[in-house]
Amino acid sequence: MLRQSKMQIIIIVVFCFGASVLAGAEKTLPDAFRKAGFNPEAEDSFYFTVASDIHYGRKEARAEKCFPEMLREMTAYSPASAFFVSLGDMISNGSVFFGHRANKKLNETAVRELTNFRTDLSFLGQIPYVLVIGNHETTAPDDFQCELVRSVFPALQPYHSFDVKGVHFIVLNGGHAGYLDDAQTAWLEEDLKQVKKGTNVVFLQHQPVGRLNAEWQMHSILRDKLDHFPGEILILAGHNHTNRWTGWQLPSGKIILEQQLEWSSQNPVHWIFCVQSGQVTARIFRNRQGEFEVYPIKPPAKIETWKKPFEGLPAVAEFYLRTPEFKVHHRKGSDCYYYFFYLKELDGVLDLGKVDRPFDTLRLTTDFVKEKKITIMLSTDGENFIELPVGPFDQDTSTMPLTLPENFRKAKQLFFKLRMSNTNNILGAFALTAEEQ
């Protein structure tokens, strides 16, 4: 639902460049509208403005100065924007880093930042706004209720949908780590069922799709739910602090477009999306020079395949954090609820009791390609460990393959010890695969 500026709504947007700009930047928004062939005053038309990752409270940024400047600029646009969207990370000091659990002092800091953000939203005047929850608005990896944000914005619904002139908008709450809990997943499925045939949908979310080693759970659910959806879909997201325009191909052949947004913490950059007759027809980027770049809504030249973890591999069994078959005994690194970040050490065991097919390789979803030194040791009894050579990182699947010795291929338990030379590492899951047949 949309609220006037005394209330707030959170939206997540994913945007990218990629498709060619239409012949140079324009000095004014009306000139950009004309170049896009868009009449904002037509009865079936409207536009909305979007910014992301504003980050009040970030020391090296200047958000508290440039955000009010941005809003004052938006209120001067004529006709007015239908609504404004913030795609998450309004602040910086809820959960400070991946896997972090905020203490009481940080919670108090986060409330002050949110309160200042809410106060500055008044610069929008009568323009409604939508707020999307980002990872820095949460207090922990398992913070799904977002009570800290709602203490400042009591009317905020962490996830919801609304309609404007024939377009259906879905606001998702990816929380701390790009994760949809069971309640939100069930709600999304029911919401999509209620969308009238032929209606186009815009998703507003903080985390973009595409990763296979982290933040992949929401990504995987969306792919399953959208593969056979009949209407056109546009995803708007932030999180990565860069503009990026991507075309994702689903198993059915359907193409979904996604725009990731540059962060608006150091400069009042933002995007304008033009909608006509129920369809998003153009995107306009207000750049760092204060000019307006016009981009079409069409797939980029290169289309990416929307994959899920271990997809395309001859997987025999998969092991995910917080499932009974994946037990952790020791960890140095951050627990992000369903994957690890900043990982330096990890010991544990995989229960292979239910594996009933031959396997010969162990794969880890990871980003260890950046790691200078990795030691991976395995054992079948938890006492006698051997170090295995680390195979080349598979960029296509974001996995590291380890060929298992013959005596490991019939084991009922697989104990592991991982040691890394630095801490900027991710581990998402394990899989046993049959690659020698």
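1. The model under review is predicted.

2. Strands S4 and S5 belong to an open sheet of seven strands, whose order is S4-S5-S6-S7-S9-S8-S13 and whose pairing is mixed. Which strands stand at the edges? They are S4 (160-164) and S13 (303-305); each has a single partner strand, so one side of each is left without a neighbour in the sheet. On average, neighbouring strands of this sheet are turned by 25 degrees against each other, direction ignored.

3. Helix H5 (residues 182-194) lies across S4, S5 and strand S6 (200-204). Relative to S5, helix H5 runs at about 180 degrees.

4. Strand S6 contains Val201. This residue counts as buried because its relative accessibility is 2%, and the cut-off for buried is under 20%. Beyond its neighbours within four places in sequence, Val201 is in contact with His168, Ile170, Val195, Phe229, Glu232, Ile233 and Leu234. The C-alpha atoms of Val201 and Gly166 are separated by 9.3 Å, although these residues lie 35 residues apart along the chain.

5. Is helix H6 (residues 217-226) largely enclosed or largely open? Eight of its 10 residues are buried, so H6 is largely enclosed by the rest of the structure. The buried residues include Met218, Ile221 and Leu222, and also Gln217, His219 and Arg223. The buried residues of H6 pack against H5, S6, strand S7 (233-237) and strand S9 (255-260).

6. Strand S18 (residues 374-379) is mostly covered, with five of its six residues buried. It pairs in the antiparallel sense with strand S21 (residues 413-420) over six bridges, and also in the antiparallel sense with strand S19 (residues 386-387) over two bridges. Met377 illustrates both pairings: it stands opposite Lys417 in S21, and its bridge partner in S19 is Glu387. The hairpin of S18 and S19 has six residues between the strands, and there Gly382 takes a positive phi near 80 degrees.

7. In soluble globular proteins, nonpolar side chains tend to be buried together. The largest nonpolar core here has 38 residues, of which Leu29, Phe67, Phe84, Phe117, Leu121, Phe153 and Ile284 touch the most other members. Helix H2 (residues 63-75) supplies the largest share of this core, namely five residues. Leaving aside neighbours within four places in sequence, Leu29 is in contact with Tyr47, Tyr77, Ile272, Ile284 and Phe292. A second, separate core of 33 residues includes Val316, Phe340, Leu352 and Leu418.

8. How many disulfides does the model contain? The count is zero, where a disulfide would require a pair of cysteine sulfur atoms within 2.5 Å. Cys146 is in no disulfide: the nearest cysteine sulfur, that of Cys336, is 16 Å away. Cys146 is buried, with a relative accessible area of 0%. Cys66 is likewise buried, with a relative accessible area of 0%.

Terms used:
Residues are numbered from 1 along each chain as its sequence is written. This is a predicted model: local features need pLDDT of at least 70, side-chain atom pairs count only at pLDDT 80 or more; totals for chains, interfaces and linings use all residues. Side-chain values use heavy atoms; hydrogens and water are left out. Buried means under 20% relative accessible area, exposed over 50%, partly exposed in between (1.4 Å probe, protein chains only). Two strands pair if DSSP finds at least two bridges between them. Helices (H or I, at least four residues) and strands (E, at least two) are DSSP runs, numbered from the N terminus. Axes are lines fitted to C-alpha atoms, for helices over the stretch in contact, and angles run from 0 to 180 degrees between N-to-C directions. Contact means heavy atoms within 4.5 Å. A nonpolar core is a set of buried Ala, Val, Leu, Ile, Met, Phe, Trp, Tyr and Cys residues joined through side-chain atoms within 4.5 Å.
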